[in-house]
Amino acid sequence: MKGLVSAAVAAVLVLFAAGFAAIWFSPSVQDAMLRRVVAANMTFNEAVLDPEALHVVLCGTGSPMPDPDRAQSCAIVYAGEHVFVVDAGLGGWDRLAAFGLPVGNLSGVLLTHFHSDHISGLPDIALNSWASGRREPLALYGPPGVETVAAGFDLAYSLDDGYRIAHHGPDFFAADGANYRPIKVDVPDRETGVVFFDEAGVKITAFRVSHEPVEPAYGFRIDYKGRSVVFSGDTKQDHNLAVFGEGADVMIHEALAAHMVDLLGEGLAARGDRRSKVMYDIQNYHATPVEAAATANEAGAKLLVYTHIVPRLPNALAERVFLRGVSDVRKRGMMIGYDGLYLRLPAGSEKIETIDLR
Ligand SMILES: [Zn+2]
Ligand SMILES: [Zn+2]
């Protein structure tokens with residue numbers, strides 16, 4: 001009996017080795033496998049194009065602090081004929097590509113403010129939507145100052161644009177598509193919300209939030225077919241979010257756990273690292289998870305999704321510490337966002353479907 005088992009194990013091993021050798025040494029077998037992998041990975045996520053729902057995907061839920069699990073600020077919203085990226089931090093494009101999200105018909109990018117982690121991924125999104133067929137300049141909506149950001153990127157990437165048009169031809173890369181079209185959204189005061197986009201059933205409102213010394217900084221609300229999502233941008237706890245986010249289906253709110261960042265500051269200070277100052281400074285212009293929960297309650301938002309997560313949350317224990325005190329304020333309708341969180345809000349319904357694209 002023992003001899004029979006050994007013989008069977010040996011036969012399996014020989015077959016495995018033969019299979020491995022066929023893959024390892026045969027270019028034609030390798031190419032056939034690659035073709036299958038490519039075909040499986042080249043499909044677009046068509047579901048987000050369904051015009052009968054408002055679709056929101058988080059493509060970056062991190063901050064300037066290094067986090068291997070999170071790209072910097074990025075979200076994409078599909079609403080019928082229109083597609084908007086909301087903030088364009090570093091790594092956002094990688095996530096959009098990984099999740100197979102189409103960007104060729106991008107209507108524009110909405111910038112809440114101009115901290116680096118909200119604009120540093122802009123050139124990659126611009127290049128890839130250009131390559132996907134966008135022929136007009138990319139509309140950049142943002143607070144006053146958006147012209148400076150657009151002009152700076154246009155200048156910095158002008159050589160790159162020229163190489164690509166020369167290499168692939170102007171039929172493929174239309175010259176106009178290389179550039180940005182900055183559209184300044186001026187919100188005069190805290191009481192006033194400005195509707196700066198209202199087309200094909202998509203209404204977008206900008207309003208002021210508190211992120212001093214960044215002045216002005218905006219939050220955005222997007223309404224489509226009776227469904228709505230509100231983005232806090234970067235802000236400390238701000239009543240304006242409750243005002244302009246009133247009754248929103250989803251509130252995407254930034255959060256910094258001050259009780260955790262304090263410990264990071266302490267650790268850095270103990271080592272004599274000058275960056276400990278930054279750990280204390282950043283606390284006065286962000287909201288804690290508990291404060292964001294209170295704001296979501298005040299707004300009557302159905303689902304609160306935390307984003308712009310500070311600090312890094314590498315495991316379940318860290319997530320638990322991050323959420324400390326939140327359940328005292330808000331018992332349900334709350335989650336920590338992650339890169340690849342897809343929220344589908346069907347029209348004519350109260351439903352909020354959460355889908356994990358990772
Ligand atoms: Zn900021
Ligand atoms: Zn930020």
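Domain bounds come from an automatic or database domain assignment. For this chain, that assignment gives domain 1 (2-40) and domain 2 (47-356). This is a predicted model, in which local features need pLDDT of at least 70, side-chain atom pairs count only at pLDDT 80 or more, and totals for chains, interfaces and linings use all residues. Residues are numbered from 1 along each chain as its sequence is written, ligands are numbered from 1 and chains lettered from A in the order in which they are written, and side-chain values use heavy atoms, with hydrogens and water left out.

**Domains**
- The centres of domain 1 and domain 2, taken over C-alpha atoms, are separated by 46 Å.

**Zinc ion (ligand 1)**
- His113 (NE2), His115 (ND1), His211 (NE2) and Asp234 (OD) coordinate this zinc ion at 2.2 to 2.3 Å. Donors are N, O and S atoms within 2.8 Å of the metal (3.2 Å for Na, K and Ca); water is not among the atoms, so sites may look incomplete.
- The angles among the four donor atoms run from 93 to 157°, so the arrangement around ligand 1 is irregular. Four donors count as tetrahedral if all angles lie between 85 and 135 degrees; four count as square planar and six as octahedral if opposite donors are over 155 degrees apart and all others between 65 and 115; anything else is irregular.
- His115, in the loop between strand S4 (108-110) and helix H4 (116-119), and His211, in strand S8 (residues 202-211), are 96 residues apart. Helices (H or I, at least four residues) and strands (E, at least two) are DSSP runs, numbered from the N terminus.
- His115 has a relative accessible area of 24% and is partly exposed, whereas His211, at 0%, is buried. Buried means under 20% relative accessible area, exposed over 50%, and partly exposed in between (1.4 Å probe, protein chains only).

**Zinc ion (ligand 2)**
- The donors here are Asp117 (OD), His118 (NE2), Asp234 (OD) and His308 (NE2), at 2.1 to 2.2 Å.
- This site is also irregular, with angles of 88 to 177° among its four donor atoms.
- Asp234 coordinates both zinc ions, ligand 1 and ligand 2, which are 3.4 Å apart.
- Asp234 lies in the loop between strand S10 (227-231) and helix H8 (239-244) and His308 in strand S12 (residues 303-310), so the pair ties together parts 74 residues apart in sequence.
- Both Asp234 and His308 are buried.

**Disulfide**
- One disulfide (a pair of cysteine sulfur atoms within 2.5 Å) is found in the whole structure.
- Cys59 and Cys74 form this link, with an S to S distance of 2.1 Å.
- The link is left-handed, at -80° about the S-S bond.
- Cys59 is in strand S1 (residues 53-60) and Cys74 in strand S2 (residues 74-79), so parts 15 residues apart in sequence are tied together.
- Cys59 is buried at 0% relative accessibility, and Cys74 is buried at 3%.
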